[in-house]
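Here is a short report on one protein chain. Please look over its sequence and its fold before reading on.

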Amino acid sequence: MGRGKIEIKRIENSTNRQVTYPKRKNGILKKAREITVLCDADVSLVIFSSTGKMNEYCSSPLIKQLDRYQKASGNKLWDAKHEYLSAEVDRVKKENDNMQIELRHLKGEDLTPLNPRELIPIEAALEDGLVGVKAKIKEHRRALEKKTRMLEEENKRLIAKLQQVEIHGRGEMDTGANNGYNNQKAADGTRDYPSHNDNHHQVPFAFQMQPIQSNLTTATTTTNNNKYQLLD
């Protein structure tokens, strides 16, 4: 038994409508691809769902197909402003293509189809570029040499300053050691005297001894008085 016809009308049930949409969408996109392959046709298909989601299939760039449609149908899809922008885009693309060709020529590529007259300006451009590059290299080299000299002078200055700091530090250490030695001798009650060639110490002219016992002073005084009495 054959399949019955389905009445084509809006599906009222939202759930059924959401289920049916992806099935139908995939089917029509498949048909568009098939007709493109089978019949070598140019096909453009744009689908918007009820939620605003877009799906498309274009066998060639869409802008080209729209231009073909505009020329074939006579319907203007673009106003004067859009036509101007389209022409400007084409001009910029052409300039970019020319610049890419010139760049390849400057790199030494794709030179075979060029005649000698076309090669002369390329050679001149390369020579001018080489002169500019050499001048820039010399400028960087001079700046680098200047910076090197400045660093060397700064290094010498820092070395001299470091040497001065080291000499000053050694002087302070020697002075501190001598002061500490003299202070230690003063605390001990000793004194250095110059020595003669025979290495004998020189005895000082006078010194005073403090008696340890107090009776020693009295005994000394009594002995001296007795001596004086004997002499009398």
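Predicted model: local features only at pLDDT ≥ 70, side-chain atom pairs only at ≥ 80, totals over all residues.

Residues are numbered from 1 along each chain as its sequence is written, and side-chain values use heavy atoms, without hydrogens or water.

The chain has five helices and two strands. Both are DSSP runs, numbered from the N terminus (helices: H or I, at least four residues; strands: E, at least two). Their order from the N terminus is α-β-β-α-α-α-α. Of the 232 residues, 7% count as buried. Buried means under 20% relative accessible area, exposed over 50%, and partly exposed in between (1.4 Å probe, protein chains only).

An unreviewed UniProt entry annotates residues 82-109 and 134-168 as "coiled-coil region". Such annotations may be inferred rather than shown by experiment.

Now the surface. Patch residues have over 30% relative accessible area and no salt bridge (a Lys or Arg side-chain nitrogen within 4 Å of an Asp or Glu carboxyl oxygen). Like charges are joined within 9 Å, and nonpolar side chains within 5 Å.

Lys134, Lys138, Arg141 and Arg142 form a positive patch. Arg141 sits in helix H4 (residues 116-188).

Val46, Phe48, Met54 and Leu62 make a nonpolar patch of about 350 Å². Leu62 belongs to helix H2 (residues 62-73). Leu62 is partly exposed, at 32% relative accessible area.

Terms used:
Areas by Shrake-Rupley, 256 points an atom, 1.4 Å probe, with all protein chains shown as cover. Lys, Arg positive; Asp, Glu negative; His and termini not counted. Charge placed at Lys NZ, Arg CZ, Asp CG, Glu CD.
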